[in-house]
Amino acid sequence: QVQLVESGGGLVQPGGSLRLSCTASGSISSIDFMGWYRQAPGKERELVARISSLDTTGYSDSVKGRFTISRGNAKNTVYLQMNSLKPEDTAVYYCYAKDGSRIYWGQGTQVTVSS
């Protein structure tokens, strides 16, 4: 069974930073993409960032220049560095991994940006 474990959320003030991490483990052969979606009350689910097996990165327009996704040294681990956080970034962030046609999800981590 494939499991994704994510962490790093919390409460920060506007302008602050957080670093999310996500590690995939279990019976997975290869990962095409890993990244994060986020879901906030009253807003559509949004793909925030992703990184491919070739380390190609992509970001939503709302986070470009502020968030950086990267691959860790550990196997199947990615990080999302979130800087200059805004109240609009408040959401539950869900890590995902795509392996062929299968998609796996992390448990979600709450990010709250509030003064």
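The charged end of Arg19 sits over the ring of Tyr79, 3.9 Å from the ring's centre. Such a placement requires NZ of Lys or CZ of Arg within 6 Å of the ring centre and within 35 degrees of the ring normal. Arg50 has its charged end over the ring of Phe33, 4.2 Å from the centre.

This is a predicted model, in which local features need pLDDT of at least 70 and side-chain atom pairs count only at pLDDT 80 or more, while totals for chains, interfaces and linings use all residues. Residues are numbered from 1 along each chain as its sequence is written, and side-chain values use heavy atoms, with hydrogens and water left out.

Now turn to a sheet. Four strands form an open sheet in the order E1-E3-E8-E7, with antiparallel pairing. Strands (E, at least two residues) and helices (H or I, at least four) are DSSP runs, numbered from the N terminus. Two strands pair if DSSP finds at least two bridges between them. The edges are strand E1 (3-7) and strand E7 (67-71), each pairing on one side only.

Look at E8, residues 77-82. E8 pairs with E7 in the antiparallel sense over five bridges. Arg71 has Val78 in E8 as its bridge partner. Thr68 has Gln81 in E8. E3 and E8 also run antiparallel, and six bridges join them. Here Thr23 has Thr77 in E8 as its bridge partner.

Next comes the core. Nonpolar side chains tend to be buried together in soluble globular proteins. A nonpolar core is a set of buried Ala, Val, Leu, Ile, Met, Phe, Trp, Tyr and Cys residues joined through side-chain atoms within 4.5 Å. Buried means under 20% relative accessible area, exposed means over 50%, and partly exposed lies in between (1.4 Å probe, protein chains only). The largest nonpolar core holds 29 residues. Leu4, Met34, Trp36, Phe67, Leu80, Met82 and Tyr93 touch the most other members. Several strands supply at least two residues each, including E3 (18-25), E4 (33-39), E7 and E8.

Which residues does Tyr93 touch, not counting residues up to four places away in sequence? Among them are Leu20, Trp36, Phe67 and Met82. A contact means heavy atoms within 4.5 Å.

The structure also holds three aromatic pairs. Rings of Phe, Tyr and Trp (its six-membered ring) pair if their centres lie within 6.5 Å; planes under 30 degrees apart count as stacked, over 60 as edge-to-face and the rest as tilted. Take Tyr37 and Trp105. Their ring centres are 5.4 Å apart and their planes stand at 55 degrees, so the pair is tilted. Tyr37 lies in E4 and Trp105 in strand E10 (residues 102-105), so the pair ties together parts that are 68 residues apart in sequence. Is Tyr37 buried or exposed? Tyr37 is buried, with a relative accessible area of 18%. Trp105 is partly exposed, at 38%.

Tyr96 and Trp105 have ring centres 6.0 Å apart and planes at 45 degrees, so this pair is tilted. Tyr96 is buried, with a relative accessible area of 5%. Ring pairs link Tyr37, Tyr96 and Trp105 into a cluster.

Finish with Tyr104, which lies in E10. Leaving aside neighbours within four places in sequence, Tyr104 is in contact with Val2, Leu4, Cys95, Tyr96, Ala97 and Asp99. Tyr104 and Ile28 are 76 residues apart in sequence and 10 Å apart in space, C-alpha to C-alpha.
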